[in-house]
Amino acid sequence: MTKDLHAPDSESLIEFPCDYRLKAMGHNTEAFIDLVFEVTKKYAPGVTREHIEIKDSKGKKFISVNITFYATCIEQIHGIYGDLKKHPEVLMTL
């Protein structure tokens with residue numbers, strides 16, 4: 001049986017605490033970068049803008065925002081992904 005890393009239960013394949021890297025994709029705007037940063041900071045207050053890595057799509061219309069943060073529990077990760085998935089500017093999360 002395989003586990004979904006984003007399943008809403010208390011079991012996880014991730015060992016906590018750890019550095020965790022999330023990725024969110026959306027339109028190439030500064031507002032999108034700010035959105036991903038602010039949502040992450042809400043659950044991981046120690047994260048800074050230095051933890052962000054941006055990658056443009058080939059046509060530069062879209063970007064992926066990658067943020068590495070210190071994760072302490074699975075609920076923290078679920079909170080970030082849950083908030084990001086609810087936002088209409090977020091096209092995809094990984």
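Which residues are linked in a network of salt bridges? Arg21, Glu53 and Lys55 are. The model is predicted: local features need pLDDT of at least 70, side-chain atom pairs count only at pLDDT 80 or more, and totals for chains, interfaces and linings use all residues. Residues are numbered from 1 along each chain as its sequence is written, and side-chain values use heavy atoms, with hydrogens and water left out.

**Salt bridges**

- A salt bridge here is a side-chain nitrogen of Lys or Arg within 4 Å of a carboxyl oxygen of Asp or Glu. The count comes to five.
- Glutamate 53 meets arginine 21 through their side chains, at 3.3 Å from N to O. This pair links distant parts of the chain: glutamate 53 sits in strand β2 (residues 52-56) and arginine 21 in strand β1, 32 residues apart.
- Helices (H or I, at least four residues) and strands (E, at least two) are DSSP runs, numbered from the N terminus.
- Glutamate 53 also meets lysine 55 in a salt bridge, at 3.7 Å from N to O.
- Aspartate 34 forms a salt bridge with arginine 49, and their closest N and O atoms are 2.8 Å apart. Aspartate 34 lies in helix α1 (residues 30-43) and arginine 49 in the loop between α1 and β2, so the pair ties together parts 15 residues apart in sequence.

**Exposure of the charged residues**

- Buried means under 20% relative accessible area, exposed means over 50%, and partly exposed is in between (1.4 Å probe, protein chains only).
- Glutamate 53 is partly exposed at 33%. Lysine 55 is partly exposed at 41%.
- In the other pair, aspartate 34 is partly exposed at 28%. Arginine 49 is partly exposed at 37%.

**Aromatic pairs**

- Rings of Phe, Tyr and Trp (its six-membered ring) pair if their centres lie within 6.5 Å; planes under 30 degrees apart count as stacked, over 60 as edge-to-face and the rest as tilted.
- The count comes to two aromatic pairs. The ring centres of tyrosine 20 and tyrosine 81 are 6.3 Å apart and their planes are at 90 degrees, so this pair is edge-to-face.
- Tyrosine 20 lies in strand β1 (residues 18-27) and tyrosine 81 in helix α2 (residues 74-86), so the pair ties together parts 61 residues apart in sequence.
- Tyrosine 20 is buried, with a relative accessible area of 10%. Tyrosine 81 is buried, at 3%.
- Ring pairs link Tyr20, Phe69 and Tyr81 into a cluster.
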